[in-house]
Amino acid sequence: MNANPLALFWEGFTIESYAQIDAQSLLIRLQPADDYLPCCSGCNQHTLAIHDISTRRVRERDLFQYRVWLDVPVRRVRCTTCGPKLEQIRWLPGRQRLTAGMVSWIESLVRLMPIQHVATLLGLHWHTVKAIDHRRLKREVTEPDKRRIRRLIMDEFALFKGHRYATVAIDADTQQVLWVGEGRSRAAVRPFFEWLGPETCGQIEAVAMDMNTAMDLEVQHHCPQARVVYDLFHVVAKFGREVIDRVRVDQANQLRHDKPARKVVKRSRWLLLRNRGNLKDEQALKLEELLQANQPLMTVYVLKDQLKELWYAPSEADARQRWQDWLNLAMSSGLAPVQQFARRLKGYVDGIIASAVYRLNTSVLEGMNNKIKVIKRVAYGYRDNDYFFLKIKAAFPGKAR
Ligand SMILES: [Zn+2]
């Protein structure tokens with residue numbers, strides 16, 4: 001046991017001297033400890049034969065108000081097996097300029113705040129912090145057990161400013177993000193199925209996705225057993241955009257001469273799109289008043305609720321009946337946006353009805369876009385897709401089956 005407590009931090013070394021180099025920096029010069037035999041980084045053998053010594057200046061964790069630098073006399077040993085080789089220093093692996101303690105501190109901080117904040121706080125370059133986080137993610141993001149994958153969710157999101165897109169593939173049973181790739185075309189998602197491999201592809205039973213993609217063709221091509229299922233989340237969101245929003249704006253325009261009523265309708269978007277179960281009492285009351293006063297809004301609201309019921313049918317036959325009822329209601333509503341939507345939905349009905357058999361939990365998609373936006377903001381400064389996609393995988397590690 002070394003009498004110097006700091007030897008705990010820098011195994012194999014003791015302090016030779018220290019000095020303040022400026023108002024905020026401390027320099028600690030280390031020297032090899034007498035009682036410690038250096039060890040070859042190639043084969044871990046201890047040796048007395050030293051080839052040469054060079055001093056490396058490295059950053060250690062801050063101490064009180066100081067940034068701490070170490071001057072470390074790093075030896076090259078003359079190993080009988082490996083020849084001249086850098087000595088093995090456990091707290092300073094490889095040719096690093098940051099100690100292992102400093103690296104793990106950066107790793108902790110960058111989980112809590114944006115890269116730029118960590119860089120500023122510690123006086124490091126943005127790239128240094130990012131590279132450390134990137135290595136951590138490569139180490140920590142675990143590969144899924146492909147043999148257990150049966151059901152998938154596939155979705156796309158905008159990369160930056162909506163000019164480019166990326167596709168994400170999720171295990172529907174664990175909600176783990178399995179794969180992220182740039183693009184949303186058939187060719188762009190092909191690498192996912194190649195990564196999955198023919199054996200796993202062959203065992204895929206169902207894949208949930210948005211209606212308007214080319215992905216369904218690629219899924220059928222690789223996964224002959226898979227049934228394509230259109231997910232509730234996307235269809236209802238589309239109904240919100242193309243029907244509820246449209247009817248709401250039309251209704252507001254018709255109330256041009258009744259300013260207070262017009263205002264109520266114009267500002268009702270959130271109330272109409274939100275799940276009723278998530279409304280507070282006074283919001284639910286407001287919604288009720290609005291729907292009572294406006295027949296077309298009442299109609300589209302009821303149609304939205306009934307549309308959702310298609311996904312909860314106990315059987316395919318029941319789902320088909322619900323769809324027929326819904327279609328009749330929509331076509332007799334007298335509202336053009338509703339009729340237009342219903343006509344387009346007809347082409348996708350098989351994929352909606354399939355949800356009666358394949359109950360895929362796609363709730364992960366609802367929060368995903370927001371989470372991705374946050375990741376983009378804190379981590380996407382230099383548009384490194386590999387890093388960005390790893391961040392997304394790390395944010396959705398999945399739960400136990
Ligand atoms: Zn060796």
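## The zinc site

The zinc ion sits in a tetrahedral site, with angles of 101 to 113° among its four donor atoms (four donors count as tetrahedral if all angles lie between 85 and 135 degrees). This is a predicted model, where local features need pLDDT of at least 70, side-chain atom pairs count only at pLDDT 80 or more, and totals for chains, interfaces and linings use all residues. Residues are numbered from 1 along each chain as its sequence is written, and side-chain values use heavy atoms, leaving out hydrogens and water.

The donors are the SG atoms of Cys 40, Cys 43, Cys 79 and Cys 82, at 2.3 Å (donors being N, O and S atoms within 2.8 Å of the metal, or 3.2 Å for Na, K and Ca). Along the sequence, their spacing reads C-x2-C-x35-C-x2-C. Cys 79 is buried at 8% relative accessible area, while Cys 82, at 32%, is partly exposed (buried is under 20%, exposed over 50%, partly exposed in between, with a 1.4 Å probe and protein chains only).

## Val 247 in helix 6

Val 247 belongs to helix 6, residues 232–254 (helices are DSSP runs of H or I, at least four residues, and strands are E runs of at least two, numbered from the N terminus).

Leaving aside residues up to four places away in sequence, Val 247 touches Pro 296, Leu 297, Val 300 and Pro 337 (contact means heavy atoms within 4.5 Å). Glu 316 is 69 residues from Val 247 in sequence and 31 Å away in space, C-alpha to C-alpha.

Key: Tetrahedral: all angles 85-135°; square planar, octahedral: opposite > 155°, others 65-115°.
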